[in-house]
Amino acid sequence: MKDPYSVLGVPKSSTDAELKKTYRTLAKKLHPDINSGDEKIAERFKEVSAAYALLRDKDLRARYDRGEINADGSEKGFAGGGFDPRSGGMGGMGGMGGGGRFGDGFDPEEIFASIFGGGRGGRQRRPQKGQDIAYRLKIDFLDAVKGGKKPITLANNKSLNVTIPENVKEGQKIRLKGQGDDGMNGGAAGDAIIEISIKKHAFFRCEGNDIHLDLPITLQEAVLGEKVNIPTIDGKVAMTIPKGSSSGRVLRLKGKGATDPKSKKRGDQYVKLQIMLPDEPDEALEKLIKKWAKDNQNQNVRSHMA
């Protein structure tokens, strides 16, 4: 058996009160009733309980500190049978501390029960709600704006569909009642907490209830005006680009935004025009612009910056 001080993580100078406080903290964290089916944690609980059983007994602790007995309570040169934290007994060590128990009738379950307000005998304890389990669900932009259902597989391999509300935001959490860890002593199951992550869209942005779109247009469309089809979250619609539109001008499509979760009213879509010149030099266009510039030498578009 390991050194009991090391098992509990305390110095040899620890007082009885400090030992008890440390053990209560570890027992609450490691108890098999909380960690059902986890053999490693169950073994750790046994080690912690055995270590505390020895150190809480002043005589045994003094003898261990003097090097007269082993960490399992057996005499030096003899191997003990090991401590059973549920029975408080030392297998093969009858007579140690009375009837095969470390010290004066130490029972780790009594301390554990006191932590949760239970009593001896039937060890009745308060119902404990199960732990919530956190998940992260990445969804497409349009699913976030328009809502829908998305599948998810939980930690217990259960698959179900999560209802995504309209206009859900990055980092927003959806609670699935009763889909977390099982409760204890008749307590309710915990919940599954789904945190939403939204993939960026190729050209849409959502700000509040409004959708924003940067729309490339040609020089011809900017100068002469044009009716063009543009995308919205509901599909394409026709929009008129007014004559003489500058790059950066913003047009509004009323009611083409996202739905407000509370009022259920829809926001708008804002379309920002971006004039795109030809990728390759165009001599005819250059000649035309030079002639236009010559005829409009008095135009100063940066006069407000003077």
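I looked up Phe141 first: its relative accessibility is 9%, so Phe141 counts as buried (buried means under 20% relative accessible area, exposed over 50%, partly exposed in between, with a 1.4 Å probe and protein chains only). I am working from a predicted model, where local features need pLDDT of at least 70 and side-chain atom pairs count only at pLDDT 80 or more, while totals for chains, interfaces and linings use all residues. Residues are numbered from 1 along each chain as its sequence is written, and side-chain values use heavy atoms, with hydrogens and water left out.

**Entry 1: aromatic rings**

I found 4 aromatic pairs in the structure (rings of Phe, Tyr and Trp, the last by its six-membered ring, pair if their centres lie within 6.5 Å; planes under 30 degrees apart count as stacked, over 60 as edge-to-face and the rest as tilted). Tyr23 and Tyr52 have ring centres 4.6 Å apart and planes at 5 degrees, so I noted the pair as stacked. Tyr23 is in helix H2 (residues 16-30) and Tyr52 in helix H3 (residues 39-55), so the pair ties together parts 29 residues apart in sequence (helices, H or I with at least four residues, and strands, E with at least two, are DSSP runs numbered from the N terminus). Both Tyr23 and Tyr52 are buried.

Phe141 and Phe204 are also stacked, because their ring centres are 6.2 Å apart and their planes at 20 degrees. Phe141 belongs to helix H6 (residues 141-146) and Phe204 to strand E8 (residues 204-207). Phe204 is buried, at a relative accessible area of 6%. Ring pairs join Phe141, Phe203 and Phe204 into a cluster.

**Entry 2: a sheet**

I traced an open sheet of 3 strands in the order E3-E7-E6, with mixed pairing (two strands pair if DSSP finds at least two bridges between them). Its edge strands, E3 (133-139) and E6 (173-176), each pair on one side only. E6 and strand E7 (residues 192-198) run antiparallel and are joined by 4 bridges. Arg175 has Ile193 in E7 as its bridge partner.

**Entry 3: two loop residues**

Is Ser245 buried or exposed? Ser245 is buried, at 4% relative accessibility. I placed Ser245 in the loop between strand E11 (235-241) and E12. Its side chain reaches the backbone oxygen of Pro242 at 2.7 Å.

Gly255 sits in the loop between strand E12 (250-253) and strand E13 (269-276). I noted Gly255 as partly exposed, at 28% relative accessible area. Gly255 and Gly267 are 12 residues apart in sequence, and 5.4 Å apart in space from C-alpha to C-alpha.

Note on methods:
Polar contact = N/O pair within 3.5 Å; in protein donor to acceptor, adjacent residues only side chain to side chain.
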